Amino acid sequence: MRVVVDLTRCQGYGQCAFAAPDVFRMARNEALMYELNPDDSRRAQVLRAAAACPVQALVVDELGPLPAQASGHGRMPERVVIVGASLAGLRAAATLRRQGFRGSLTLIGDEPDRPYDRPPLSKQVLTGQVNAQQTLLPRRGELHAKWLLGTPATGLDLAAKQVLLADGRRVGYDRLLIATGVRARPWPNPAEAALDGVFVLRDSHDAALLHDRLAGGVNRVLVIGGGFNGSEIASVCRDMGLAVTLVDRGPAPLTGALGGVVGAIAADIQREHGVDLRCGVTAAALEGDGAGRLRGARLSDGSTVEADVAVVALGAERNVGWLAGSGLAAGVWGVGCDAGCRAFNVNGIVCDDVFVAGDVARFPHPVYGYQFLTLEHWGNAMAQAQVAAHNMIAASSDLWPHLSLPVFWSAQFGLNIKSVGVPTFADEVVFTQGSVADRRFVAVYGYHGRITAAVTFDQAMWLDFYRDLIEQAAPFPPTFDMVGKPGKVQPVPAEVPQRISALHDATVVVTGHDPAERRATLVTAGPGRAD
């Protein structure tokens, strides 16, 4: 059987660990780890654990509840094509069938494997608790779909309504969903990236290779990048007893996601767990030993690090190369779309037959001043895929907007870190509950006098409460009395780093004079950035 826990909903009560201790365990206070594929002899225990979960975050052999059947359909398409056999693609396919689509359904994926769950790759797979092949996602019933796996899409013909494949085939569609996600940003020097011992971590193949190398014994692991992926990798390596150096260009790890105040706390936690943390510097070069094996790195401050494994965790690049010249507004920022997941063409006009969901989608969020967001979160991929699938077959009067607040989680250094909202959409932060010294607290973010986000360290049970406050545009700082409220509640600058918009790299040419003739052409989508 396949166990899936929606960790965006899990609040760390630990009832599952009591009901099925052989399958679920709590790492320290709230960080849940679990076996993905327990044998069927433990099904009764697991089902009891699912029933005991207070927030119903645990499901067996499925991905969780699907939305109810649509109340009304537009003209039902005959052919739906989903490019991206991923979490978002699989969720969209299941939603389409649940909502009454009975036509031809095709899923196209560049990887040869069935859709699998990515969060365990930097956790259970690296530790060896499960192997990469045990992360396959469950399917809800039979999708009656045609799977074209290991066959990358190479182009899109909007006029002909066809997806071009690497093997020369063309796949026609009436409705298209783009869910191609992201890939790991590689080390910029190809010769150095090719050294034996240099890894990235994005797919199951990456995870299997890195696990085998770490399990074989290494002297030191160099992690380049202190975002969530890099920090989780550092945590796993320390759990394995390996020496770790983490290098990050910012003032502290996680600063790019959580701001400098909470990032400084993350830095202290990493050092407490034995990480050799180097902040404010970058890896200038990776160096080999003459036999093609990594021996270390030279940093921007002139210092060096000896390491026989380096994991490049410099963020992600969106998989949009196959859309070059297609006429869609696609570039390093992702694929632009409206709140209903309908893709924009280069003129900024929505396409009624092309939709976008998941990590590759760039969409406006009303709660955040209609700012366009791209979110690489499990929960967003699930929610947005449902909205996109519904809107692909719904009547124009029954379209749904994607308004879910971003939620993410990270298990690292024995802690369960969770967030709701957008912490970087903030100018101040305040600690409203718990204790920073005890590493159990709630940090609430505000922008121009209203609450925009909340981050919890081992205090996940409060997340829904703050989600409601964000949706109600509640004032910041919060003034009500709370359980565990510190003696002094004083907002401080959140120290959110300034970011350069990827859109600054887009070059667009406008031609024509008459309004009926004026058109935009996307000349270049610009280079990716390693922010």
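**Sheets and salt bridges in a predicted model**

**Sheets and salt bridges in a predicted model**

The model is predicted: local features need pLDDT of at least 70, side-chain atom pairs count only at pLDDT 80 or more, and totals for chains, interfaces and linings use all residues. Residues are numbered from 1 along each chain as its sequence is written, and side-chain values use heavy atoms, with hydrogens and water left out.

**Six-stranded sheet**

- Six strands form an open sheet with mixed pairing, in the order β7-β6-β5-β11-β25-β24; strands (E, at least two residues) and helices (H or I, at least four) are DSSP runs numbered from the N terminus, and two strands pair if DSSP finds at least two bridges between them.
- β7 (146-149) and β24 (342-344) are the edge strands, each pairing on one side only.
- From one strand to the next, the twist averages 30°; axes are lines fitted to C-alpha atoms, for helices over the stretch in contact, and angles run from 0 to 180 degrees between N-to-C directions.
- β24 pairs with β25 (residues 350-356) in the antiparallel sense over two bridges, and Phe-344 has Val-350 in β25 as its bridge partner.
- Helix α3 (residues 87-98) packs on the sheet and touches β5 (79-83), β6 (104-109), β7 and β11 (175-178), its direction making about 175° with that of β6; contact means heavy atoms within 4.5 Å.
- Helix α9 (residues 378-393) also packs on the sheet, where it touches β5, β11 and β25, and its direction makes about 145° with that of β25.

**Three-stranded sheet**

- An open antiparallel sheet has the strand order β17-β18-β19, with β17 (283-288) and β19 (304-306) at the edges.
- β17 and β18 (residues 294-299) pair over five bridges; Ala-283 is partnered with Leu-299 in β18.

**Salt bridges**

- The whole structure holds 19 salt bridges, each a side-chain nitrogen of Lys or Arg within 4 Å of a carboxyl oxygen of Asp or Glu.
- Arg-342 forms a salt bridge with Asp-338, with the closest N and O atoms 2.9 Å apart; Asp-338 is buried, at 13%.
- Glu-317 and Arg-185 meet in a salt bridge at 3.8 Å, N to O. Glu-317 lies in β21 (residues 316-318) and Arg-185 in the loop between β12 (182-184) and α5 (190-193), so the pair ties together parts 132 residues apart in sequence.
- Arg-183, Arg-185 and Glu-317 are linked in a network of salt bridges.

How values were computed
Buried means under 20% relative accessible area, exposed over 50%, partly exposed in between (1.4 Å probe, protein chains only).
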